[in-house]
Amino acid sequence: MSALAHEVGAINLSQGFPDFETSPVLIDLVNNAMKNGHNQYAPMAGVLALREQIAQKTEKLYGAVYNPDTEITITAGGTQAIFTAITCAIHPNDEVIIFEPAFDCYAPAIKLMGGIVKSMELEPPDYKIPWDMVRRLVNNKTRMIILNSPHNPTATILHQHDIDELSALVKNQDILILSDEVYEHLIYDGETHHSMARYPELQQRSFIVASFGKPFHATGWKVGYCMAPAFLMQEFKKVHQFLVFSVNTPIQYAVAEYLKDENTYLSLPAFFQEKRDYFRKGLEQTRFTLLPSSGSYFQSVTYNNIGNEKDSEFCLNLTKDIGVAAIPTSAFYTRGTDHHVLRFCFAKKQETLDKAVERLIKV
Ligand SMILES: Cc1ncc(COP(=O)(O)O)c(C=O)c1O
């Protein structure tokens, strides 16, 4: 959709990236790191100063103590962390439960390792996880459950009752959790981010994946990390070593320095909530029906009041005829399930959102 948006000159609210700049302070820190000679290979697990900052932040926010030496690895973005966690844990015929609509990199990595994807489809408007059905999917081949909160594409979040259900489900089972928390700081209305790190019984079986691309408006830098208990991180590093070995050095030094100011991430919910509210208010003037958006930087809508065509077709026409690109949610279901839901990204300048709404009002 981004390529098409570019081709036809549409406003691109499809792919999830900001159209505003990252902080000049952070850019200066990267420049300084380069000028100070941090331009050679970083250690395999990442720059220690950054791993220490991550450990401190995690303990402060979620109460979990991770050892920077043995339980944290810096990765080339969230995607590499996800791939590495799946690769090190999944063997042929292992079953992995994923919830769809799902971010697109989970299933291919599972299949590549010979694993079996057990997808559970969630439905709008609230995309609640039906835990009684999840229980029925679990058997002695279930090796991993992949969770993503705040969630792409639906913008839903896990709640305490999901954590309770999950805890009961995995208790006394040999099941790992891969928790994709790349949107951990993009959560609204005073809600709590239920990181797996908060719950010792879940934390001890979890790979937690995070990314600096989302919080620091720098998706192109591709630096993130994975946290896991030492016995899992040891396996993770065996793959990491030969997949990337180590990650961009100056950015790691810069982010380590930047994270010392907690306001760099604690200010994010208010920053993005303002954009969410602004965009939702604009969309209320259109014929689209808004779904809830509790986290991430996505806003989903249905178009049942407007048309009946497939969501992919609707998106193509919206991009070409109206000049606004969105993503059809069917793209996030293995079976292409179409609930007539579109996903917009609101991590955009106010003028971009204004222009998009101006056009969407005409639909
Ligand atoms: C849910 C989810 N997980 C992981 C990623 C990948 O993060 P990164 O860009 O750091 O590889 C994304 C990026 O869009 C995402 O939406």
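This is a predicted model: local features need pLDDT of at least 70, side-chain atom pairs count only at pLDDT 80 or more; totals for chains, interfaces and linings use all residues.

Reader: Why are H12 and H14 called roughly parallel?

Author: Helix H12 (residues 268-283) and helix H14 (residues 350-360) pack at an angle of about 20°. Angles under 35 degrees count as roughly parallel, over 145 as roughly antiparallel, 65 to 115 as roughly perpendicular and the rest as oblique. H12 and H14 are therefore roughly parallel. Their axes lie 9 Å apart.

Reader: Which residues of H12 and H14 meet?

Author: Contact means heavy atoms within 4.5 Å. Among those meeting are Lys 275 and Tyr 278 in H12, and Gln 350 and Leu 353 in H14. The residues of this contact divide into six nonpolar, two polar and two charged.

Reader: What makes His 193 buried?

Author: His 193 has a relative accessible area of 5%. Buried means under 20%, exposed over 50% and partly exposed in between, with a 1.4 Å probe and protein chains only; His 193 is therefore buried. His 193 is placed in the loop between strand S6 (176-180) and helix H8 (200-203).

Reader: What joins the side chains of His 193 and Glu 181?

Author: A polar contact of 2.9 Å joins them; the term requires a pair of N or O atoms within 3.5 Å, one able to donate a hydrogen and the other to accept it within protein, and residues adjacent in sequence count only if both atoms are side-chain atoms.

Key. Residues are numbered from 1 along each chain as its sequence is written. Side-chain values use heavy atoms; hydrogens and water are left out. Axes are lines fitted to C-alpha atoms, for helices over the stretch in contact, and angles run from 0 to 180 degrees between N-to-C directions. Helices (H or I, at least four residues) and strands (E, at least two) are DSSP runs, numbered from the N terminus. Ala, Val, Leu, Ile, Met, Phe, Trp, Tyr, Cys and Pro count as nonpolar, Asp, Glu, Lys and Arg as charged, and the others, Gly among them, as polar.
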